[in-house]
Amino acid sequence: MGMLLLAALLAGSACEKRSYGKIYDRELLSSMPECMKLSLFPPDESMERELKQLYAFEENCPYRLEVSYKNGIHCNSTQNVERKVNSNFPSAYLRMDLYKGVKLLYSYYRDLDAPPDEDDVADAMTSLKEDLSSE
């Protein structure tokens, strides 16, 4: 019975659309970063411009926000063949990780149906700000 439940959970979670933020360092909640440095991969002028409109990044800051995304991804899970044919599976993602040095402090990830646009970037930055100011 346990293996059947595990298989059902794995089948249901493979390549589903989702969005989440995770705080890895709880001390971050009591002392919000005063600044962030931007690192964007792959480089994209439009996305960089949007990010810089949402936040005043500083080049000489110990906190680094690494923003990455990918388009044209495919789910290779054989568990969901029928669902892939009959529904709109994610084909892109947007990820934001906040570091101090090499220490990961916070991570945000979202599956997308299309390449990330200005709204997706704004939503991610809003989530980051809300997650870090909660509690």
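Me: How many bridges join strand 4 to strand 5, and which way do the two strands run?
Reply: The general idea first: two strands pair if DSSP finds at least two bridges between them. Here strand 4 (residues 92–100) and strand 5 (residues 103–112) run antiparallel, joined by 9 bridges. Helices (H or I, at least four residues) and strands (E, at least two) are DSSP runs numbered from the N terminus. Keep in mind that this is a predicted model, where local features need pLDDT of at least 70, side-chain atom pairs count only at pLDDT 80 or more, and totals for chains, interfaces and linings use all residues. Residues are numbered from 1 along each chain as its sequence is written, and side-chain values use heavy atoms, with hydrogens and water left out.

Me: What sits in the turn between strand 4 and strand 5?
Reply: The two strands form a hairpin with 2 residues between them, and Gly101 in the turn has a positive phi of about 65°. Gly101 counts as partly exposed because its relative accessibility is 39% (buried means under 20% relative accessible area, exposed over 50%, partly exposed in between, with a 1.4 Å probe and protein chains only).

Me: Which residues does Gly101 touch?
Reply: Contact means heavy atoms within 4.5 Å. Leaving out residues up to four places away in sequence, Gly101 touches Pro62 and Arg64. Gly101 and Arg64 are 37 residues apart in sequence, and their C-alpha atoms are 7.7 Å apart in space.

Me: What is the strand order of the whole sheet?
Reply: It's an open sheet of 5 strands in the order 1-5-4-3-2, with mixed pairing. Its edge strands are strand 1 (19–23) and strand 2 (37–41), each pairing on one side only. From one strand to the next, the twist averages 10°.

Me: Where do the helices pack on it?
Reply: Helix 3 touches strand 2, strand 3 (63–71) and strand 4, and its direction makes about 155° with that of strand 2. Helix 5 lies across strand 1, strand 3, strand 4 and strand 5, running at about 140° to strand 5. For the angles, axes are lines fitted to C-alpha atoms, for helices over the stretch in contact, and values run from 0 to 180 degrees between N-to-C directions.

Me: How do I read two packed helices?
Reply: You describe them by the angle between their axes and the distance between the axes. The axes of helix 3 (residues 45–54) and helix 5 (residues 118–133) come within 10 Å and cross at roughly 40°. Met47, Glu50, Leu51 and Leu54 of helix 3 make the contact with Glu118, Val121, Ala122, Met125 and Lys129 of helix 5.

Me: Which cysteines does the disulfide join?
Reply: A disulfide is a pair of cysteine sulfur atoms within 2.5 Å. This structure holds 1 disulfide, joining Cys35 to Cys61 with 2.0 Å from S to S. Cys35 lies in the loop between helix 2 (27–30) and strand 2, and Cys61 in the loop between helix 3 and strand 3, so the pair ties together parts that are 26 residues apart in sequence.

Me: Are those cysteines buried or exposed?
Reply: Both Cys35 and Cys61 are buried.
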